[in-house]
Amino acid sequence: MSELVITDLRAEVAGKEVLKGISLTMKSGEVHAIMGPNGSGKSTLAHVLSAHPGYKVLGGTVTLDGVNLLELGASERARAGLMLAMQQPVEVPGVRPIDLLVAAGASGDAVENMRHEAERVGLRGDLLERFVNVDLSGGEKKRAEMVQLAVLKPKFAILDEIDSGLDVDALHAVGERLSAATREWNCGLLAITHFRRLLDVLAPDVIHVMSAGKIVASGGPELAEILERDGYEPFKV
Amino acid sequence: MTNFSNSATVRMNGDPTRLEAWDHFVQVGLPSTKDEVWRYAPLHDFSLDQFASFEPLTNNAISARAAELLSGPSVHIVDGVVKSSNLPAGVTITSSTTPTTLDRSPVVERYAADTFALLAIALAPETLTLRIAPQTRLSQSIALVHETTAGVNFSLTQIVVGEGSYASFVEYFDGAPDALVVPLSEYSVAENASLEVITCQRLAHSAWHIARSTGYLERAASLQQSIIGLGAHYNRSRNDAHLLGAGAVNELRTTFLGSGTQVHDFRTRQYHVAGRTDSRLLSKGAVAGDSRCVYTGLIEIEKGAKRTDARQTNHNLLLSSTAHADSVPNLDIRENDVMCAHASTVGPLDELQRWYLESRGVPPREAERLLIEGFFTEMLVGAPAEIISGVSEDVTRVLSEELVG
């Protein structure tokens, strides 16, 4: 059983404090969702956790099984078991998916695993021959992120608005694969989203509401229904 | 220059064309860094007497990579002399001890202002000519493997592609520690013919490499040329194309990787004489350590070469704060109805791409290696495995030598 613990995390971007003390604990196999209005700091949280350049941590800790991730570089954090699936995956011309996976430490038969996972999320095999995220549609990029995630099997995955711009079929494929991950290797999911439809597939254990850089409410699935009915206004600080 | 002159006299053996070239060389003299086109060359530590050994210093300089390339259709050229050849039907090889050119003007006149071309004319042991018969389509690429066993390697190579034919060549140079390597090449591509040439230079970092090539393209001819410069202390590569017939197309890709104190000096001239001719030039290279690269490209369009389309693109990757990259595009246009474009970028590895790879668990040094190799990928399309693996080996070596970033 692994545990991801975020304690009083504060961070700034371009000199402006965007995260103002986030605390959150999640265990293997759990699904947590973070919802909140635009500009509340959701994506900043995802980026800070994955050491995206341009963000500065002002205070707090993030530990994965006791290891302080904030002292590690992006690569070491991923190797420790934390992986980000992105809203807009970066295009990397000249680098093939298989080379990325092998360099990232994929175990076993990486080629076979990659092909198998592509099939599971409905990503055409020939797209695996293209360079990472180059010449892929928005939906294909998200499916490709799922292939990476499923081959690399992180302990915890942060999903940064992975549902944005997805059609119904793609959303279903991505959601199903993520749900299966929680069962197959007890992957913990931290899903940042604006939309309930992803949550319908993922069935989160806990929903957090973020506003102005803080978690202002946490609760069970019923919170999503309240948000759907009343919007974020009652939660604004 | 006494020692060099003595060796040269023996080599020229009284041949009038060679002597004429030598006389011109003596008049022109060695270039200096005061000459604009030589300003980046480390000429302060250059003396021809360093290279006075015209006789073999070693008997066996062939590398495993060169040997592999020689296992298929190939020509093995040692110090400018054909040692063996294995050629498919439709290709003939001849060699002449009197220097010749594929240009219409006499050879010395043709290169009268070029010091090192004159030296090659005077001192290359023979002119090697490969002819592809008309209407011949070669299915396999032919390797021209240059081995250097002496202190100098002057070579004259001509490829003549007959009407309607298609041929592809891979030229490979490696080894040659402390040597001066001066290949002078000419390619003639007849009507509706097509030629592809990949030239990979992976010489020792103590060698000097000063190369020049010219393509002569007739009507609807196509020359696709790819130059890969990895080795040499000073690597100069001048590549010209004369688009003489309407509809001729020249694609030139030049790429290089610099480390230590290497200088990669690329010069190009796309000379559009006929109308509706296209030239596409893509130069992409990376420099690390204290190395430097220069790209100077001239697009020249003659009056009457209407609807010419000429484009140059140049991307340089800086892998250290002390590496330098210069890009100097030039246009000389004497016709109005043309299309010309130039694009140029220079900078370090993309920070976001690097982060993305790392965020998957790729270690930082490995991410850099993937990105640099990726940067070269489009430049290596069609290159044989031996050459791609050489580039990959050099990228890994440069990364282990340098603290990138």
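I looked up B:Thr199 first: its bridge partner in β11(B) is B:Ile227. I note that this is a predicted model, in which local features need pLDDT of at least 70, side-chain atom pairs count only at pLDDT 80 or more, and totals for chains, interfaces and linings use all residues. Residues are numbered from 1 along each chain as its sequence is written, while chains are lettered from A and ligands numbered from 1 in the order in which they are written.

I then examined the strands involved. Strand β9 (residues 194-203) and strand β11 (residues 222-229), both of chain B, pair in the parallel sense over eight bridges. I took strands (E, at least two residues) and helices (H or I, at least four residues) as DSSP runs, numbered from the N terminus, and counted two strands as paired if DSSP finds at least two bridges between them.

I traced the sheet next. In chain B, 10 strands form an open sheet of mixed pairing, in the order β2-β1-β5-β7-β9-β11-β13-β15-β17-β19. Its edge strands, each pairing on one side only, are β2 (81-86) and β19 (338-347) of chain B. The twist averages 10° from one strand to the next, with axes fitted to C-alpha atoms (for helices over the stretch in contact) and angles running from 0 to 180 degrees between N-to-C directions.

I also checked helix α8 (residues 385-401) of chain B. Helix α8 lies across β7 (166-175), β9, β11 and β13 (249-258) of chain B, at about 35° to β9(B); contact requires C-beta atoms, placed from the backbone, within 7 Å.

Finally, I inspected the contact between the chains, which takes 20 residues from chain B and 22 residues from chain A. On the side of chain B that touches chain A, the largest share, eight residues, comes from α7(B).

Technical notes. Contact = placed C-beta atoms within 7 Å.
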